[in-house]
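Here's a quick tour of a protein model and the ligand that comes with it. Have the sequence and the 3D view open as you read.

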Amino acid sequence: MDKLLIIDDEVDIQRSFRRLLAGPDLEVHSAGSGEEAIEMIPLLQPDLVIMDVRMGGMSGLETLRRIRDTDARLPVIMMTAYGTTQTAIEAMKLGAFDYLLKPFDIPKLKELIAGALRAARQMKTVVSVEPLLESDDYELGIVGRSPAMQTVFKLIGQLAASEATALITGESGTGKELVARAIYSHSARAKQPFVAINCAAIPESLLESELLGHEKGSFTGATQQRIGKFEQCNLGTIFLDEIGDMPLATQTKILRVLQSGTFERVGGNETVRVNVRVIAATNKPLEQAVASRAFREDLFYRLNVVRVPLPPLRERREDIPLLVDYFLRRFARESGRAPKGLVPEVLHLLEAHSWPGNVRELENALRRATVVATGETLLPRDLPPELSAQPLRAPLAPTPLASPVPSPSTTTPPAPTPADAPSPIPEGNPDLAALASQLFRWARDHRELKILPAVERELVIEALKETRGNQVQAARLLGITRATLRKRVEKFGIRRDLIIQ
Ligand SMILES: Nc1ncnc2c1ncn2[C@@H]1O[C@H](COP(=O)(O)OP(=O)(O)OP(=O)(O)O)[C@@H](O)[C@H]1O
Ligand SMILES: [Mg+2]
(Lines give C-alpha, C1' and ligand atoms only; values in the text may rest on other atoms or scores of the structure.)
(Ligands and ions follow the chains in the order given, each with its own letter.)
Protein backbone atom coordinates (compact mmCIF):
# COMPACT_ATOMS: atom_id res chain seq x y z
CA MET A 1 0.00 0.00 0.00
CA ASP A 2 1.31 3.46 -0.91
CA LYS A 3 1.58 6.25 1.63
CA LEU A 4 0.72 9.82 0.81
CA LEU A 5 1.61 12.73 3.08
CA ILE A 6 -0.39 15.93 2.81
CA ILE A 7 1.32 19.02 4.21
CA ASP A 8 -1.05 21.91 4.69
CA ASP A 9 -1.84 24.19 7.58
CA GLU A 10 -5.54 24.06 6.78
CA VAL A 11 -7.26 21.15 8.46
CA ASP A 12 -10.10 21.35 5.92
CA ILE A 13 -7.75 20.68 3.06
CA GLN A 14 -6.15 17.77 4.89
CA ARG A 15 -9.58 16.33 5.54
CA SER A 16 -10.83 16.71 1.98
CA PHE A 17 -7.71 15.04 0.61
CA ARG A 18 -8.24 12.14 2.97
CA ARG A 19 -11.86 11.83 1.94
CA LEU A 20 -11.02 12.08 -1.72
CA LEU A 21 -8.01 9.82 -1.93
CA ALA A 22 -7.78 7.36 0.95
CA GLY A 23 -8.64 3.83 -0.17
CA PRO A 24 -7.47 0.25 -0.09
CA ASP A 25 -4.32 1.13 -2.08
CA LEU A 26 -3.50 4.47 -0.52
CA GLU A 27 -2.95 5.52 3.06
CA VAL A 28 -3.31 9.28 3.54
CA HIS A 29 -1.37 11.01 6.35
CA SER A 30 -1.18 14.69 7.12
CA ALA A 31 1.12 17.25 8.67
CA GLY A 32 0.06 20.76 9.62
CA SER A 33 3.39 22.45 8.97
CA GLY A 34 6.69 22.06 7.20
CA GLU A 35 8.45 21.57 10.52
CA GLU A 36 6.13 18.75 11.48
CA ALA A 37 6.54 17.13 8.07
CA ILE A 38 10.34 17.17 8.27
CA GLU A 39 10.11 15.22 11.52
CA MET A 40 7.50 12.82 10.20
CA ILE A 41 9.04 11.89 6.88
CA PRO A 42 11.95 9.70 8.12
CA LEU A 43 9.57 7.69 10.31
CA LEU A 44 6.62 7.53 7.96
CA GLN A 45 8.62 6.95 4.76
CA PRO A 46 5.87 8.24 2.48
CA ASP A 47 5.81 7.42 -1.23
CA LEU A 48 4.49 10.82 -2.21
CA VAL A 49 4.15 14.27 -0.65
CA ILE A 50 1.61 16.90 -1.61
CA MET A 51 2.30 20.28 -0.06
CA ASP A 52 0.90 23.77 -0.05
CA VAL A 53 3.32 26.51 -1.09
CA ARG A 54 1.80 28.98 1.35
CA MET A 55 1.97 27.90 4.95
CA GLY A 56 2.53 29.57 8.26
CA GLY A 57 6.02 28.83 9.66
CA MET A 58 8.41 27.19 7.25
CA SER A 59 7.35 27.99 3.70
CA GLY A 60 6.45 25.32 1.19
CA LEU A 61 9.53 25.99 -0.91
CA GLU A 62 11.82 25.83 2.11
CA THR A 63 10.21 22.58 3.19
CA LEU A 64 10.63 21.24 -0.32
CA ARG A 65 14.30 22.18 -0.21
CA ARG A 66 14.76 20.32 3.08
CA ILE A 67 12.96 17.26 1.78
CA ARG A 68 15.08 17.21 -1.37
CA ASP A 69 18.18 17.53 0.81
CA THR A 70 17.39 14.41 2.73
CA ASP A 71 15.49 12.34 0.20
CA ALA A 72 16.00 13.18 -3.45
CA ARG A 73 13.76 10.38 -4.63
CA LEU A 74 10.59 11.26 -2.78
CA PRO A 75 8.25 12.93 -5.29
CA VAL A 76 6.74 16.17 -4.03
CA ILE A 77 3.78 17.86 -5.66
CA MET A 78 3.33 21.52 -4.75
CA MET A 79 -0.07 23.18 -4.54
CA THR A 80 -0.34 26.82 -5.34
CA ALA A 81 -3.20 29.23 -5.62
CA TYR A 82 -1.04 31.67 -7.45
CA GLY A 83 -0.31 30.51 -10.97
CA THR A 84 2.73 32.70 -10.97
CA THR A 85 5.71 31.89 -13.03
CA GLN A 86 7.92 32.52 -10.08
CA THR A 87 6.56 29.86 -7.73
CA ALA A 88 6.22 27.29 -10.46
CA ILE A 89 9.77 27.83 -11.62
CA GLU A 90 11.19 27.88 -8.11
CA ALA A 91 9.36 24.67 -7.24
CA MET A 92 10.50 22.86 -10.37
CA LYS A 93 14.00 24.16 -9.89
CA LEU A 94 14.07 22.70 -6.41
CA GLY A 95 13.08 19.39 -7.88
CA ALA A 96 9.33 19.28 -7.28
CA PHE A 97 7.75 16.44 -9.20
CA ASP A 98 5.05 18.78 -10.40
CA TYR A 99 2.76 21.49 -9.19
CA LEU A 100 -0.95 21.92 -9.05
CA LEU A 101 -2.95 25.09 -9.37
CA LYS A 102 -5.85 25.69 -7.02
CA PRO A 103 -8.75 25.22 -7.33
CA PHE A 104 -8.09 21.63 -8.31
CA ASP A 105 -9.41 19.68 -11.16
CA ILE A 106 -10.06 16.40 -9.32
CA PRO A 107 -9.53 13.97 -12.23
CA LYS A 108 -6.28 15.75 -13.05
CA LEU A 109 -5.21 15.59 -9.42
CA LYS A 110 -5.83 11.85 -9.31
CA GLU A 111 -4.00 11.31 -12.56
CA LEU A 112 -1.04 13.31 -11.31
CA ILE A 113 -0.92 11.35 -8.06
CA ALA A 114 -1.04 8.04 -9.94
CA GLY A 115 1.79 9.24 -12.19
CA ALA A 116 3.90 10.38 -9.22
CA LEU A 117 3.43 7.09 -7.41
CA ARG A 118 4.38 5.22 -10.55
CA ALA A 119 7.49 7.38 -10.87
CA ALA A 120 8.33 6.77 -7.20
CA ARG A 121 8.23 3.04 -7.81
CA GLN A 122 10.39 3.32 -10.89
CA MET A 123 12.95 5.54 -9.21
CA LYS A 124 14.87 2.84 -7.49
CA THR A 125 18.24 4.06 -8.62
CA VAL A 126 19.82 6.86 -6.65
CA VAL A 127 19.31 10.27 -8.16
CA SER A 128 21.86 12.95 -7.52
CA VAL A 129 20.56 16.12 -5.95
CA GLU A 130 20.97 19.15 -8.16
CA PRO A 131 23.03 21.92 -6.59
CA LEU A 132 20.76 24.31 -4.78
CA LEU A 133 20.70 27.79 -6.12
CA GLU A 134 20.26 31.06 -4.43
CA SER A 135 16.81 32.27 -5.19
CA ASP A 136 16.36 35.91 -5.93
CA ASP A 137 13.33 38.01 -6.52
CA TYR A 138 13.96 38.72 -10.15
CA GLU A 139 10.58 39.38 -11.71
CA LEU A 140 10.38 37.35 -14.86
CA GLY A 141 7.39 38.77 -16.59
CA ILE A 142 6.50 35.63 -18.47
CA VAL A 143 2.76 35.57 -18.41
CA GLY A 144 0.63 32.49 -18.96
CA ARG A 145 -1.65 30.11 -17.18
CA SER A 146 -2.42 27.79 -20.08
CA PRO A 147 -1.28 24.20 -19.69
CA ALA A 148 1.18 24.73 -22.55
CA MET A 149 2.84 27.62 -20.72
CA GLN A 150 2.83 25.73 -17.43
CA THR A 151 4.89 23.08 -19.20
CA VAL A 152 7.26 25.78 -20.39
CA PHE A 153 7.67 27.07 -16.82
CA LYS A 154 8.49 23.57 -15.65
CA LEU A 155 11.14 23.22 -18.32
CA ILE A 156 12.63 26.59 -17.43
CA GLY A 157 12.89 25.50 -13.81
CA GLN A 158 14.51 22.21 -14.73
CA LEU A 159 16.91 23.81 -17.18
CA ALA A 160 17.84 26.51 -14.67
CA ALA A 161 18.95 23.81 -12.28
CA SER A 162 21.13 22.13 -14.89
CA GLU A 163 23.88 22.99 -17.33
CA ALA A 164 22.25 21.30 -20.29
CA THR A 165 22.21 22.93 -23.68
CA ALA A 166 18.72 24.03 -24.59
CA LEU A 167 17.04 24.60 -27.91
CA ILE A 168 14.07 26.93 -27.77
CA THR A 169 11.78 26.67 -30.75
CA GLY A 170 8.71 28.64 -31.69
CA GLU A 171 7.26 31.08 -34.14
CA SER A 172 8.38 34.65 -34.18
CA GLY A 173 7.27 36.62 -31.14
CA THR A 174 6.42 33.64 -28.94
CA GLY A 175 8.92 34.65 -26.25
CA LYS A 176 12.04 32.65 -27.12
CA GLU A 177 14.44 35.30 -25.91
CA LEU A 178 12.38 35.89 -22.79
CA VAL A 179 12.59 32.19 -21.96
CA ALA A 180 16.34 32.10 -22.61
CA ARG A 181 16.81 35.00 -20.20
CA ALA A 182 14.59 33.31 -17.64
CA ILE A 183 16.66 30.13 -17.74
CA TYR A 184 19.81 32.19 -17.34
CA SER A 185 18.58 34.41 -14.57
CA HIS A 186 17.45 31.42 -12.53
CA SER A 187 20.61 29.43 -13.15
CA ALA A 188 23.79 29.15 -11.14
CA ARG A 189 25.40 31.35 -13.80
CA ALA A 190 23.02 34.22 -13.11
CA LYS A 191 25.80 36.44 -11.77
CA GLN A 192 27.97 35.79 -14.82
CA PRO A 193 27.41 37.47 -18.20
CA PHE A 194 24.56 36.75 -20.59
CA VAL A 195 25.30 37.53 -24.21
CA ALA A 196 22.68 37.32 -26.93
CA ILE A 197 23.66 37.15 -30.54
CA ASN A 198 21.33 37.07 -33.48
CA CYS A 199 22.92 34.84 -36.10
CA ALA A 200 20.51 36.07 -38.78
CA ALA A 201 21.34 39.74 -38.26
CA ILE A 202 25.10 39.51 -38.73
CA PRO A 203 26.59 39.12 -42.22
CA GLU A 204 27.95 35.62 -42.79
CA SER A 205 31.48 36.87 -43.23
CA LEU A 206 31.49 38.54 -39.82
CA LEU A 207 29.57 36.05 -37.69
CA GLU A 208 32.49 33.77 -36.99
CA SER A 209 34.73 36.59 -35.88
CA GLU A 210 31.88 38.01 -33.82
CA LEU A 211 31.52 34.70 -32.00
CA LEU A 212 35.13 33.55 -31.75
CA GLY A 213 37.09 36.77 -32.21
CA HIS A 214 40.00 37.32 -34.58
CA GLU A 215 43.71 38.05 -34.58
CA LYS A 216 45.17 41.25 -35.90
CA GLY A 217 45.59 41.15 -39.68
CA SER A 218 43.53 37.98 -40.11
CA PHE A 219 41.44 39.66 -42.79
CA THR A 220 41.19 43.06 -44.43
CA GLY A 221 39.96 45.48 -41.82
CA ALA A 222 41.15 43.37 -38.89
CA THR A 223 43.43 46.08 -37.62
CA GLN A 224 43.69 44.70 -34.14
CA GLN A 225 42.96 41.60 -32.13
CA ARG A 226 39.36 41.16 -31.20
CA ILE A 227 37.84 39.03 -28.44
CA GLY A 228 34.69 37.25 -29.53
CA LYS A 229 31.41 36.72 -27.69
CA PHE A 230 32.36 33.27 -26.45
CA GLU A 231 35.42 34.63 -24.69
CA GLN A 232 33.54 37.68 -23.46
CA CYS A 233 31.03 35.58 -21.71
CA ASN A 234 33.35 32.95 -20.28
CA LEU A 235 31.61 31.30 -17.28
CA GLY A 236 28.37 32.84 -18.47
CA THR A 237 25.61 31.99 -20.91
CA ILE A 238 25.47 32.68 -24.62
CA PHE A 239 22.17 32.90 -26.43
CA LEU A 240 22.51 31.96 -30.09
CA ASP A 241 19.32 33.34 -31.58
CA GLU A 242 18.13 32.24 -35.03
CA ILE A 243 20.72 29.50 -35.05
CA GLY A 244 19.07 28.06 -38.16
CA ASP A 245 20.67 30.92 -40.08
CA MET A 246 24.21 30.09 -39.04
CA PRO A 247 26.48 29.27 -42.02
CA LEU A 248 27.73 25.69 -42.20
CA ALA A 249 31.37 26.63 -41.71
CA THR A 250 30.55 28.46 -38.48
CA GLN A 251 28.38 25.55 -37.37
CA THR A 252 31.44 23.32 -37.47
CA LYS A 253 33.37 25.64 -35.18
CA ILE A 254 30.47 25.98 -32.77
CA LEU A 255 30.09 22.23 -32.60
CA ARG A 256 33.68 21.99 -31.49
CA VAL A 257 33.15 24.65 -28.82
CA LEU A 258 30.17 22.69 -27.54
CA GLN A 259 32.07 19.42 -27.51
CA SER A 260 35.41 20.48 -26.16
CA GLY A 261 35.06 24.07 -24.98
CA THR A 262 37.93 25.07 -27.29
CA PHE A 263 38.42 27.11 -30.44
CA GLU A 264 40.93 29.29 -32.25
CA ARG A 265 40.23 32.94 -33.01
CA VAL A 266 39.85 33.67 -36.72
CA GLY A 267 43.35 33.81 -38.21
CA GLY A 268 44.96 32.53 -35.01
CA ASN A 269 46.72 29.36 -33.84
CA GLU A 270 46.37 29.68 -30.12
CA THR A 271 43.71 27.40 -28.69
CA VAL A 272 41.33 29.25 -26.42
CA ARG A 273 39.42 27.37 -23.75
CA VAL A 274 36.06 28.63 -22.46
CA ASN A 275 33.31 27.46 -20.16
CA VAL A 276 30.09 28.80 -21.62
CA ARG A 277 26.56 27.53 -21.43
CA VAL A 278 24.76 27.62 -24.75
CA ILE A 279 21.09 28.30 -25.23
CA ALA A 280 19.95 28.39 -28.84
CA ALA A 281 16.71 29.41 -30.47
CA THR A 282 15.16 29.09 -33.87
CA ASN A 283 11.86 29.81 -35.55
CA LYS A 284 12.71 27.50 -38.44
CA PRO A 285 12.12 23.78 -38.36
CA LEU A 286 15.73 22.64 -37.91
CA GLU A 287 14.84 19.06 -38.81
CA GLN A 288 14.05 20.24 -42.32
CA ALA A 289 17.29 22.18 -42.51
CA VAL A 290 19.11 19.01 -41.43
CA ALA A 291 17.32 17.02 -44.12
CA SER A 292 18.34 19.52 -46.78
CA ARG A 293 21.90 19.59 -45.40
CA ALA A 294 21.70 23.29 -44.55
CA PHE A 295 22.22 22.42 -40.90
CA ARG A 296 24.70 19.95 -39.47
CA GLU A 297 23.00 16.93 -38.02
CA ASP A 298 25.59 16.44 -35.28
CA LEU A 299 25.21 20.06 -34.16
CA PHE A 300 21.45 19.68 -34.19
CA TYR A 301 21.62 16.70 -31.82
CA ARG A 302 24.14 18.48 -29.64
CA LEU A 303 21.82 21.49 -29.30
CA ASN A 304 18.63 19.56 -29.05
CA VAL A 305 19.48 18.01 -25.66
CA VAL A 306 16.49 19.72 -24.07
CA ARG A 307 13.92 21.18 -26.36
CA VAL A 308 11.61 23.97 -25.21
CA PRO A 309 8.83 24.35 -27.76
CA LEU A 310 6.89 27.59 -27.33
CA PRO A 311 3.26 27.37 -28.35
CA PRO A 312 1.89 29.98 -30.74
CA LEU A 313 -0.52 32.40 -29.11
CA ARG A 314 -3.50 31.19 -31.15
CA GLU A 315 -3.12 27.79 -29.49
CA ARG A 316 -3.38 29.26 -26.02
CA ARG A 317 -6.00 31.91 -26.35
CA GLU A 318 -6.91 31.53 -22.70
CA ASP A 319 -3.73 33.47 -21.92
CA ILE A 320 -4.84 36.50 -23.93
CA PRO A 321 -6.81 38.28 -21.15
CA LEU A 322 -3.89 37.79 -18.77
CA LEU A 323 -1.42 39.14 -21.30
CA VAL A 324 -3.66 42.11 -22.03
CA ASP A 325 -3.90 42.89 -18.35
CA TYR A 326 -0.14 42.51 -17.96
CA PHE A 327 0.73 44.77 -20.89
CA LEU A 328 -1.78 47.47 -19.99
CA ARG A 329 -0.37 47.61 -16.48
CA ARG A 330 3.17 47.66 -17.79
CA PHE A 331 2.50 50.50 -20.24
CA ALA A 332 0.75 52.40 -17.47
CA ARG A 333 3.73 52.00 -15.20
CA GLU A 334 6.05 53.16 -17.95
CA SER A 335 3.99 56.27 -18.63
CA GLY A 336 3.15 56.99 -15.00
CA ARG A 337 -0.59 56.92 -15.70
CA ALA A 338 -3.44 54.70 -14.56
CA PRO A 339 -3.88 51.61 -16.73
CA LYS A 340 -6.43 51.89 -19.51
CA GLY A 341 -9.57 49.81 -19.44
CA LEU A 342 -11.22 48.21 -22.43
CA VAL A 343 -14.69 47.47 -23.64
CA PRO A 344 -15.61 43.77 -23.89
CA GLU A 345 -15.64 44.05 -27.70
CA VAL A 346 -11.95 44.80 -27.65
CA LEU A 347 -11.24 41.71 -25.63
CA HIS A 348 -13.43 39.65 -27.97
CA LEU A 349 -11.52 40.95 -30.98
CA LEU A 350 -8.20 40.25 -29.32
CA GLU A 351 -9.28 36.74 -28.40
CA ALA A 352 -10.55 36.04 -31.92
CA HIS A 353 -7.47 37.21 -33.83
CA SER A 354 -5.03 34.61 -35.15
CA TRP A 355 -1.89 36.48 -34.00
CA PRO A 356 0.62 35.43 -36.65
CA GLY A 357 3.16 37.61 -34.82
CA ASN A 358 2.23 36.06 -31.47
CA VAL A 359 2.85 37.88 -28.19
CA ARG A 360 4.98 40.55 -29.81
CA GLU A 361 2.12 41.41 -32.17
CA LEU A 362 -0.30 41.55 -29.25
CA GLU A 363 2.07 43.77 -27.30
CA ASN A 364 2.45 46.12 -30.28
CA ALA A 365 -1.29 46.23 -30.97
CA LEU A 366 -1.94 47.19 -27.35
CA ARG A 367 0.82 49.74 -27.29
CA ARG A 368 -0.60 51.35 -30.39
CA ALA A 369 -4.13 51.25 -28.96
CA THR A 370 -2.93 52.89 -25.75
CA VAL A 371 -1.39 55.70 -27.75
CA VAL A 372 -4.32 56.35 -30.08
CA ALA A 373 -7.12 55.90 -27.53
CA THR A 374 -8.57 59.25 -26.68
CA GLY A 375 -10.12 58.28 -23.36
CA GLU A 376 -9.34 55.99 -20.49
CA THR A 377 -10.89 53.03 -22.29
CA LEU A 378 -9.68 51.19 -25.38
CA LEU A 379 -12.29 50.88 -28.11
CA PRO A 380 -12.36 48.61 -31.17
CA ARG A 381 -11.40 51.54 -33.38
CA ASP A 382 -8.15 51.88 -31.43
CA LEU A 383 -7.00 48.45 -32.60
CA PRO A 384 -5.00 47.93 -35.79
CA PRO A 385 -7.26 47.70 -38.88
CA GLU A 386 -6.81 43.95 -39.33
CA LEU A 387 -8.42 43.45 -35.94
CA SER A 388 -11.01 46.18 -35.79
CA ALA A 389 -12.34 45.35 -39.26
CA GLN A 390 -13.94 42.20 -37.88
CA PRO A 391 -17.74 42.33 -37.46
CA LEU A 392 -18.79 43.66 -34.10
CA ARG A 393 -21.73 43.19 -31.86
CA ALA A 394 -23.41 46.14 -30.13
CA PRO A 395 -20.97 47.78 -27.75
CA LEU A 396 -21.33 46.93 -24.11
CA ALA A 397 -20.31 48.76 -20.99
CA PRO A 398 -16.56 49.26 -20.48
CA THR A 399 -14.74 46.52 -18.64
CA PRO A 400 -11.56 48.03 -17.27
CA LEU A 401 -9.55 44.88 -17.09
CA ALA A 402 -6.47 46.49 -15.74
CA SER A 403 -7.91 49.49 -13.99
CA PRO A 404 -10.72 48.84 -11.57
CA VAL A 405 -10.52 52.35 -10.17
CA PRO A 406 -10.99 55.43 -12.30
CA SER A 407 -7.84 57.44 -12.75
CA PRO A 408 -7.50 60.00 -9.96
CA SER A 409 -6.07 62.46 -12.44
CA THR A 410 -9.40 62.75 -14.26
CA THR A 411 -10.50 66.36 -14.09
CA THR A 412 -13.73 66.19 -16.06
CA PRO A 413 -16.92 66.19 -13.94
CA PRO A 414 -17.71 62.65 -12.92
CA ALA A 415 -20.05 61.12 -15.44
CA PRO A 416 -22.10 58.17 -14.19
CA THR A 417 -19.65 55.29 -14.29
CA PRO A 418 -20.75 51.78 -15.23
CA ALA A 419 -20.34 50.74 -11.62
CA ASP A 420 -23.14 53.12 -10.64
CA ALA A 421 -25.31 52.58 -13.66
CA PRO A 422 -25.53 48.95 -14.71
CA SER A 423 -25.93 48.35 -18.41
CA PRO A 424 -29.45 47.57 -19.58
CA ILE A 425 -30.28 43.88 -19.51
CA PRO A 426 -29.71 42.52 -23.02
CA GLU A 427 -32.50 40.83 -24.91
CA GLY A 428 -33.19 37.12 -24.55
CA ASN A 429 -30.15 34.94 -25.17
CA PRO A 430 -30.98 31.45 -26.49
CA ASP A 431 -27.89 29.83 -24.94
CA LEU A 432 -28.74 31.26 -21.58
CA ALA A 433 -32.38 30.22 -21.92
CA ALA A 434 -31.29 26.64 -22.61
CA LEU A 435 -29.00 26.67 -19.58
CA ALA A 436 -31.70 28.17 -17.39
CA SER A 437 -34.20 25.57 -18.48
CA GLN A 438 -31.71 22.81 -17.66
CA LEU A 439 -31.00 24.38 -14.31
CA PHE A 440 -34.66 24.79 -13.50
CA ARG A 441 -35.41 21.13 -14.28
CA TRP A 442 -32.44 20.05 -12.23
CA ALA A 443 -33.65 22.16 -9.28
CA ARG A 444 -37.16 20.77 -9.57
CA ASP A 445 -35.91 17.17 -9.72
CA HIS A 446 -33.57 17.72 -6.78
CA ARG A 447 -36.11 19.61 -4.74
CA GLU A 448 -33.80 22.59 -4.59
CA LEU A 449 -36.52 25.03 -3.72
CA LYS A 450 -34.67 28.30 -3.41
CA ILE A 451 -33.16 28.08 -6.85
CA LEU A 452 -33.09 31.77 -7.66
CA PRO A 453 -31.14 32.96 -4.61
CA ALA A 454 -29.04 29.79 -4.79
CA VAL A 455 -27.99 30.52 -8.36
CA GLU A 456 -27.50 34.17 -7.53
CA ARG A 457 -25.18 33.22 -4.68
CA GLU A 458 -23.12 30.92 -6.91
CA LEU A 459 -22.86 33.55 -9.63
CA VAL A 460 -21.67 36.15 -7.14
CA ILE A 461 -19.03 33.73 -5.85
CA GLU A 462 -17.92 32.89 -9.39
CA ALA A 463 -17.58 36.55 -10.33
CA LEU A 464 -15.58 37.28 -7.20
CA LYS A 465 -13.33 34.30 -7.83
CA GLU A 466 -12.77 35.39 -11.39
CA THR A 467 -11.76 38.87 -10.25
CA ARG A 468 -9.85 37.63 -7.21
CA GLY A 469 -12.25 39.36 -4.88
CA ASN A 470 -12.32 42.72 -6.64
CA GLN A 471 -15.88 43.90 -6.01
CA VAL A 472 -15.87 46.67 -8.61
CA GLN A 473 -14.88 44.28 -11.38
CA ALA A 474 -17.14 41.51 -10.12
CA ALA A 475 -20.14 43.86 -10.05
CA ARG A 476 -19.41 44.84 -13.62
CA LEU A 477 -19.21 41.25 -14.77
CA LEU A 478 -22.55 40.59 -13.13
CA GLY A 479 -24.17 43.76 -14.47
CA ILE A 480 -25.10 45.11 -11.03
CA THR A 481 -23.88 48.02 -8.99
CA ARG A 482 -21.16 47.61 -6.45
CA ALA A 483 -23.60 48.50 -3.69
CA THR A 484 -25.93 45.71 -4.81
CA LEU A 485 -23.02 43.30 -4.94
CA ARG A 486 -22.00 44.22 -1.43
CA LYS A 487 -25.55 43.61 -0.21
CA ARG A 488 -25.58 40.18 -1.86
CA VAL A 489 -22.24 39.29 -0.30
CA GLU A 490 -23.66 40.15 3.12
CA LYS A 491 -27.02 38.53 2.53
CA PHE A 492 -25.50 35.26 1.38
CA GLY A 493 -22.74 35.37 3.99
CA ILE A 494 -20.04 34.91 1.32
CA ARG A 495 -16.77 34.56 3.17
CA ARG A 496 -13.44 35.57 1.69
CA ASP A 497 -12.09 32.04 1.91
CA LEU A 498 -14.78 30.87 -0.51
CA ILE A 499 -13.31 33.22 -3.07
CA ILE A 500 -9.60 33.27 -2.53
CA GLN A 501 -8.43 29.70 -2.48
N1 LIG B 1 4.56 34.91 -22.13
C2 LIG B 1 4.89 36.20 -22.25
N3 LIG B 1 4.56 37.06 -21.30
C4 LIG B 1 4.86 38.38 -21.41
N5 LIG B 1 5.50 38.90 -22.45
C6 LIG B 1 5.85 38.09 -23.44
C7 LIG B 1 5.57 36.70 -23.39
N8 LIG B 1 6.04 36.13 -24.52
C9 LIG B 1 6.60 37.12 -25.23
N10 LIG B 1 6.50 38.31 -24.60
C11 LIG B 1 6.95 39.60 -25.10
O12 LIG B 1 6.79 39.58 -26.50
C13 LIG B 1 7.91 40.15 -27.15
C14 LIG B 1 8.58 39.10 -28.02
O15 LIG B 1 9.25 38.15 -27.21
P16 LIG B 1 10.67 37.54 -27.64
O17 LIG B 1 11.54 38.59 -28.22
O18 LIG B 1 11.19 36.78 -26.49
O19 LIG B 1 10.15 36.57 -28.78
P20 LIG B 1 10.97 35.71 -29.82
O21 LIG B 1 10.31 34.38 -29.84
O22 LIG B 1 12.42 35.77 -29.48
O23 LIG B 1 10.65 36.46 -31.16
P24 LIG B 1 11.50 36.48 -32.53
O25 LIG B 1 11.43 35.12 -33.11
O26 LIG B 1 10.72 37.46 -33.34
O27 LIG B 1 12.86 36.92 -32.18
C28 LIG B 1 8.82 40.66 -26.05
O29 LIG B 1 8.55 42.02 -25.84
C30 LIG B 1 8.43 39.85 -24.86
O31 LIG B 1 8.66 40.57 -23.68
MG1 LIG C 1 14.00 36.53 -30.63
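## Around the ligand

A residue counts as near a molecule or strand if its C-beta atom, placed from the backbone, lies within 6 Å of it. Of the 18 residues around ligand 1, the nearest are S172, G175, K176, E177 and V359. Helices α7 (176-185), α13 (320-335) and α15 (358-372) are the elements that give two or more residues to this shell; helices (H or I, at least four residues) and strands (E, at least two) are DSSP runs, numbered from the N terminus.

Ligand 1 lies between domain 2 (147-217 + 225-311) and domain 3 (315-388), because both give residues to its shell. Those bounds come from an automatic or database domain assignment.

## About the model

This is a predicted model: local features need pLDDT of at least 70, side-chain atom pairs count only at pLDDT 80 or more, and totals for chains, interfaces and linings use all residues. Residues are numbered from 1 along each chain as its sequence is written, while chains are lettered from A and ligands numbered from 1 in the order in which they are written.

## The sheet

Now for the strands. Five of them form an open sheet in the order β2-β1-β3-β4-β5, with parallel pairing; two strands pair if DSSP finds at least two bridges between them. At the edges sit β2 (26-31) and β5 (98-101), each pairing on one side only.

Strands β1 (residues 2-7) and β3 (residues 48-52) run parallel and are joined by four bridges. In β3, M51 is the residue opposite I7.
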